[in-house]
Amino acid sequence: MDPSRIRGKIRRFRILIIGRTNAGKTTILGRVCNTRDNPEIHDSAGNKIDLATINASRERGEHNISNEMVLRSNPGFVFHDSRGFEAGSESEFDKVKEFITSRSKETRISDQLHAIW
Ligand SMILES: Nc1nc2c(ncn2[C@@H]2O[C@H](COP(=O)(O)OP(=O)(O)OP(=O)(O)O)[C@@H](O)[C@H]2O)c(=O)[nH]1
Ligand SMILES: [Mg+2]
């Protein structure tokens, strides 16, 4: 298929970011999009979410992996920011695995994950 048709079909390139706790995942999302703009975040039901929940911090980030983060500077991308993996804790890892599995079963290509970073 022609790449421009694929782009039209997926609308937004969907990226999941995973890694260790405090690795800088949330920080890098902001930097890579070269923005100080506040992202727009929606939960899986499409409701807008309070921005205070996504800021980078030394505390463990409180993120819901199913939230969709879109930056005005890069509207062609949608990010899913996960809570970091912590040594000795399996629950976060299991949540991420579950999310990846369920997205891989989505029938619409726009709902599937297109990259994991
Ligand atoms: N020195 C330094 N500090 C950084 C860098 N990137 C992020 N930080 C700091 O590290 C802390 C954690 O950054 P976050 O972006 O919240 O890390 P995270 O991976 O999203 O963390 P969790 O969501 O808790 O897993 C913050 O205090 C950031 O300001 C970096 O490149 N260098
Ligand atoms: Mg974070």
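Which residues form a nonpolar patch on the surface? Select Ile 28, Val 32 and Trp 117, which form this patch and together have about 280 Å² of accessible area (Shrake-Rupley method, 1.4 Å probe, with only the protein chains shown as cover). Patch members have over 30% relative accessible area and no salt bridge, and nonpolar side chains are joined within 5 Å; a salt bridge is a side-chain nitrogen of Lys or Arg within 4 Å of a carboxyl oxygen of Asp or Glu.

The model is predicted, with local features needing pLDDT of at least 70 and side-chain atom pairs pLDDT 80 or more, while totals for chains, interfaces and linings use all residues. Residues are numbered from 1 along each chain as written, chains are lettered from A and ligands numbered from 1 in written order, and side-chain values use heavy atoms, without hydrogens and water.

Stay with Trp 117, in the segment after β5 (115-116) (strands are DSSP runs of E, at least two residues, and helices of H or I, at least four, numbered from the N terminus). Trp 117 counts as partly exposed because its relative accessibility is 43%, between buried (under 20%) and exposed (over 50%).

Next, select helix α3, residues 91-104, and colour its buried residues, Glu 92, Val 96, Phe 99 and Arg 103. They cover an arc of only 60° around the axis, which puts them on the same side of α3; the arc is that of the directions from the helix axis to the C-beta atoms. The face turned away from this buried side carries the exposed residues Glu 98 and Ser 104.

Finally, select Ser 102, also in α3, which counts as partly exposed because its relative accessibility is 38%.

Terms used: Expected span 1.5 Å × (residues − 1). Buried < 20%, exposed > 50% of the residue type's maximum accessible area, 1.4 Å probe, protein only. Patch = residues over 30% accessible without salt bridge, like charges linked within 9 Å, V, L, I, M, F, W, Y side chains within 5 Å.
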